[in-house]
Amino acid sequence: MTASEDKFTRQTLTAIQVWSPSLFSLRCTRDPGFRFRAGQFARLGVRKADGSVVWRAYSMVSAPHDEFLEFFSIVVPGGEFTSELSRLQVGDELLVDKTALGYLTLDRFIDGRDLWLLGSGTGIAPFLSILQDFEVWQRFERINLVYSARSRAELAYQAMIEGLSALEHLAEFAHKLTYLPVVTREQVPGCLGARITELLDSGELERAAGLELTPEHSRVMICGNPQMIDDLRQRLKARGLNLSLTRRPGQVAVENYW
């Protein structure tokens with residue numbers, strides 16, 4: 001075991017949602033002492049048949065005020081962790097580190113008018129947590145959620161996204177959100193049909209949002225596979241939008257998903 005007993009808590013799986021053959025979500029109980037900021041992740045542990053424990057980091061989908069924890073996962077063929085995770089059933093044990101980690105949080109930005117959330121695959125997870133929290137709606141005038149998946153079936157959490165405006169504490173702010181779903185491997189009505197990098201290059205992304213990406217007003221969060229993040233960072237840097245660091249506040253915050 002790579003973590004001592006005082007580093008984690010033992011939680012119980014309460015629900016499993018299968019979105020597609022390769023995507024699923026898990027919901028578990030939450031230790032009363034576990035605290036996190038929207039956008040952060042936790043290390044999860046699963047016990048294997050031989051008694052050893054494998055650990056991986058997963059962003060919370062759930063909001064900081066929820067009484068449960070929810071995580072969004074892909075099944076990696078032959079993957080040591082996801083193979084074990086996908087076999088779990090309701091009632092099984094899930095280990096959760098006591099300390100939340102990560103910097104894909106709103107305090108990466110000291111200012112800004114428009115927030116862009118660019119996510120691919122399971123990289124949508126931290127943005128769902130952020131959008132269920134009150135802070136983002138207070139701070140920004142416009143919020144653009146861009147969610148890229150390979151197929152319509154892999155666009156998970158559509159009901160949650162569409163239902164944000166029905167949440168009592170967010171109803172008066174619903175007009176601030178523009179949702180732009182992207183499907184790259186099939187044509188789907190109402191969805192953009194190219195990779196986010198291509199949409200940015202062509203100007204289609206900004207046209208669809210009705211908003212321009214500028215260093216002055218735009219703050220950008222990116223979560224997904226490392227190649228997408230690198231490609232988007234290069235394009236944004238060319239426009240004068242730079243990575244936000246502790247010593248040098250900027251306009252871009254990122255989280256790699258693997």
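Phenylalanine 34 is buried, since its relative accessibility comes to 3%; buried here means under 20% relative accessible area, exposed means over 50%, and partly exposed lies in between, with a 1.4 Å probe and protein chains only. Keep in mind that this is a predicted model, where local features need pLDDT of at least 70, side-chain atom pairs count only at pLDDT 80 or more, and totals for chains, interfaces and linings use all residues. Residues are numbered from 1 along each chain as its sequence is written, and side-chain values use heavy atoms, leaving out hydrogens and water.

**Aromatic rings**

A pair of aromatic rings is described by the distance of the centres and the angle of the planes. Rings of Phe, Tyr and Trp (its six-membered ring) pair if their centres lie within 6.5 Å; planes under 30 degrees apart are stacked, over 60 edge-to-face, and the rest tilted. By that rule there are six aromatic pairs. Here are two of them:

| Pair | Centre to centre | Angle of planes | Type |
|---|---|---|---|
| Tryptophan 19 and tyrosine 157 | 4.8 Å | 45° | tilted |
| Phenylalanine 34 and phenylalanine 36 | 5.9 Å | 40° | tilted |

Tryptophan 19 is partly exposed at 27% relative accessibility, and tyrosine 157 is buried at 4%. Ring pairs also bring in Phe72, making a cluster of Trp19, Phe72 and Tyr157. As for phenylalanine 36, it is buried at 9% relative accessibility.

**Helix α7**

Now for a helix (a DSSP run of H or I, at least four residues; strands are runs of E, at least two, and both are numbered from the N terminus). Helix α7 has 13 residues (226–238) and should span 18 Å at 1.5 Å a residue, which agrees with its end C-alpha atoms being 18 Å apart. The expected span is 1.5 Å times one less than the number of residues.

Met228, Ile229, Leu232 and Leu236 of α7 are buried. Looking down the axis of α7, the buried residues fall within an arc of 95°, so they line one face of the helix; the arc is that of the directions from the helix axis to the C-beta atoms. An α-helix has 3.6 residues a turn, so residues three or four places apart point the same way. On the face of α7 turned away from the buried side you'll find the exposed residues Gln234, Lys237 and Ala238.

Just after α7, glycine 240 takes a positive phi of about 90°.
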